[in-house]
Amino acid sequence: MTAPVPRRLTRDSRHKVIAGVCAGIARRYGLSRNGLRLAFVVSCVLPGPQFVAYLLLWVIMPADDRF
């Protein structure tokens, strides 16, 4: 039995809503895409750099090569 191959952290171009950042993070860590999106939207009402972090991840995270 072999160990599962860890997925790279990439933007999910197949299940994206805006840029695929939340979908990519959810896929990498085995979370629900919609749950992570909801958590992000709720966190945006709190003070902090959430929106700026999303934009930075959009630029930094490579897009996946799957179509």
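Visitor: How far is the sulfur of cysteine 22 from the closest cysteine sulfur, and which cysteine holds that one?
Guide: The distance is 8.8 Å, to the sulfur of cysteine 44, which is too far for a bond. Please note that this is a predicted model, in which local features need pLDDT of at least 70 and side-chain atom pairs count only at pLDDT 80 or more, while totals for chains, interfaces and linings use all residues. Residues are numbered from 1 along each chain as its sequence is written, and side-chain values use heavy atoms, without hydrogens or water.

Visitor: How many disulfides are there in the whole structure?
Guide: The search finds zero disulfides, a disulfide being a pair of cysteine sulfur atoms within 2.5 Å.

Visitor: Is cysteine 22 buried or exposed?
Guide: Cysteine 22 is buried, at 10% relative accessibility, whereas cysteine 44 is partly exposed at 36%. Buried means under 20% relative accessible area, exposed over 50%, and partly exposed in between, with a 1.4 Å probe and protein chains only.

Visitor: What is cysteine 22 in contact with?
Guide: Beyond its neighbours within four places in sequence, cysteine 22 touches Leu36, Arg37, Phe40 and Tyr54; contact means heavy atoms within 4.5 Å.

Visitor: Changing topic, which helices are there?
Guide: The protein has three helices and zero strands: H1 (21-29), H2 (33-43) and H3 (50-60). These are DSSP runs numbered from the N terminus, with at least four residues (H or I) for a helix and at least two (E) for a strand.

Visitor: What do the buried residues of H1 pack against?
Guide: They pack against H2 and H3. The buried set in H1 is Val21, Cys22, Ala23, Gly24, Ala26 and Arg27. After H1 comes glycine 30, with a positive phi near 70 degrees.

Visitor: And how much space is in the largest pocket?
Guide: The largest pocket holds about 190 Å³. Closest to its centre, among 14 lining residues, are Val17, Ile18, Cys22, Phe40 and Tyr54. On a 1 Å grid over the protein atoms alone, a pocket is an open set of points where a 1.4 Å probe fits, with protein on both sides within 12 Å along at least five of seven lines; lining residues have an atom within 4 Å of a point. The volume is the space filled by probe spheres set on the points, which are joined across faces, edges and corners.

Visitor: Which helix gives the most to that lining?
Guide: H3 does, with four residues, and H1, H2 and H3 each supply at least two.
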